[in-house]
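Welcome, and please take a moment to look over the sequence and the model below.

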Amino acid sequence: MAYRDHDLQTYAEEDITVSNSAVRLTLANIFVTPPLRRVELFVEDAQIRIRTDGSSPTSSVGEILNPFDRFTIRNPGDAENFRAIRTGSSDATIRARYLR
């Protein structure tokens, strides 16, 4: 079934602290009915690295996101496989918004 962006509704939000161990999104927010369509992530205060293939990023491996960057995940598989870790000595916070 096709959907349009304006048809999506937020059903959950969370703040996730990203430290020196890889963290993931809350699975209870991903596997829902009706199904997840998108996760919007906003990096608030420190640089992080991410991966969506299920492997854990390190402080030197993975896609870099900087403070104030936005990242969108468009399917439950990538949301389940999402991992993030900080790159420096300061913890980061990412804001996750779940839409369906």
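## Charges, rings and strands

Aspartate 15 is partly exposed, with a relative accessible area of 49%; buried means under 20% relative accessible area, exposed over 50%, and partly exposed in between (1.4 Å probe, protein chains only). Before going on, note that this is a predicted model, in which local features need pLDDT of at least 70 and side-chain atom pairs count only at pLDDT 80 or more, while totals for chains, interfaces and linings use all residues. Residues are numbered from 1 along each chain as its sequence is written, and side-chain values use heavy atoms, with hydrogens and water left out.

Which residue forms a salt bridge with aspartate 15? The partner is arginine 95, with the closest N and O atoms 3.0 Å apart. This pair links distant parts of the chain, 80 residues apart, with arginine 95 in strand E7 and aspartate 15 in strand E1. Strands (E, at least two residues) are DSSP runs, numbered from the N terminus. A salt bridge here is a side-chain nitrogen of Lys or Arg within 4 Å of a carboxyl oxygen of Asp or Glu.

| Aspartate 15 | Arginine 95 | 3.0 Å |

Glutamate 40 lies in strand E2 and arginine 97 in strand E7, so their pair ties together parts that are 57 residues apart in sequence. Glutamate 40 has 24% relative accessibility and counts as partly exposed; arginine 97 is also partly exposed, at 30%. Salt bridges link Glu13, Asp15, Arg38, Glu40, Arg95 and Arg97 in a network.

Now for the rings. How many aromatic pairs does a search of the whole structure find? There are 2 aromatic pairs. Rings of Phe, Tyr and Trp (its six-membered ring) pair if their centres lie within 6.5 Å; planes under 30 degrees apart count as stacked, over 60 as edge-to-face and the rest as tilted. Tyrosine 11 and tyrosine 98 make a tilted pair, 6.2 Å centre to centre with 45° between the planes. Tyrosine 11 belongs to strand E1 (residues 10–18) and tyrosine 98 to strand E7 (residues 92–99), so this pair joins parts 87 residues apart in sequence. Tyrosine 98 is buried, with a relative accessible area of 0%, whereas tyrosine 11 is partly exposed at 22%. The other pair, phenylalanine 42 and phenylalanine 68, is tilted too, because its ring centres are 6.4 Å apart and its planes are at 50°.

Tyrosine 11 has a charged neighbour as well: the charged end of arginine 100 sits over its ring, 4.3 Å from the centre. A charge sits over a ring if NZ of Lys or CZ of Arg is within 6 Å of the ring centre and within 35 degrees of the ring normal.

Finally, 3 strands form an open sheet with antiparallel pairing, in the order E4-E3-E6. Two strands pair if DSSP finds at least two bridges between them. The edge strands, E4 and E6 (83–86), each pair on one side only. Strand E3 (residues 48–51) is joined to E6 by 4 bridges and to E4 by 3 bridges. Within these pairings, isoleucine 48 stands opposite arginine 86 in E6, and arginine 49 stands opposite isoleucine 64 in E4.
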